[in-house]
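Visitor: I am new to this structure. Please pick a single part and take me through it closely.

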Amino acid sequence: MAVHGILGKKVGMTQIFGPDGTVVPVTVVQAGPCLVVQLKTADKDGYESVQIGLVESRPDRRANRPAKGRFEKANVAPRRLLAEFRLDAGDELKPGDKVLCDSFHEKDSV
């Protein structure tokens, strides 16, 4: 599974001290888990991508009718934040799968 992105929510700011005493400002982000809401295929949509939604403490109850239908089809509670990411050929995901932070490696630019 090679989704090239994940959704996150900014929690706050802090600072980290380097070994030489320099201060580096850091943004703290709660990243994921995200659930796959919809798959887009080359046959139906013309390109390969996946739509994911950020799992929050409360599901969104204000989703409109088309969005509710998409969430019901995927058997997922409505989500506030949705994003679409391209997929590599051969990736096998299905609605309801979790996308976690383990797709990123140390020193990756986010």
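Guide: In helix 1 of this predicted model, the residues Ala-67, Phe-71 and Ala-74 are buried (under 20% relative accessible area with a 1.4 Å probe and protein chains only; exposed means over 50%, and partly exposed lies in between). These three cover an arc of only 65° around the axis, so they sit on the same side of helix 1 (the arc is taken from the directions between the helix axis and the C-beta atoms).

Local features here need pLDDT of at least 70 and side-chain atom pairs 80 or more, while totals for chains, interfaces and linings use all residues. Numbering starts from 1 along each chain as its sequence is written, and side-chain values use heavy atoms, without hydrogens or water.

What do the buried residues of helix 1 pack against? Their partners are strand 3 and strand 5 (contact means heavy atoms within 4.5 Å; helices, H or I with at least four residues, and strands, E with at least two, are DSSP runs numbered from the N terminus).

Now look at the two ends of helix 1. At its start, a side-chain oxygen of Asn-64 comes to within 3.0 Å of the backbone nitrogen of Ala-67. After helix 1 comes Asn-75, with a positive phi near 55°.

Strand 4 and strand 5 are joined by five bridges, and Gly-53 has Leu-82 of strand 5 as its bridge partner.

End your tour at Lys-40, a residue of strand 3. With 18% relative accessibility, Lys-40 counts as buried. The side chain of Lys-40 makes a polar contact of 3.3 Å with the side chain of Glu-84 (N or O atoms within 3.5 Å, one able to donate a hydrogen and the other to accept it; residues adjacent in sequence count only through side-chain atoms). Leaving out residues up to four places away in sequence, Lys-40 touches Asp-45, Tyr-47, Glu-48, Ser-49 and Glu-84.

Conventions: Pairing = 2+ DSSP bridges.
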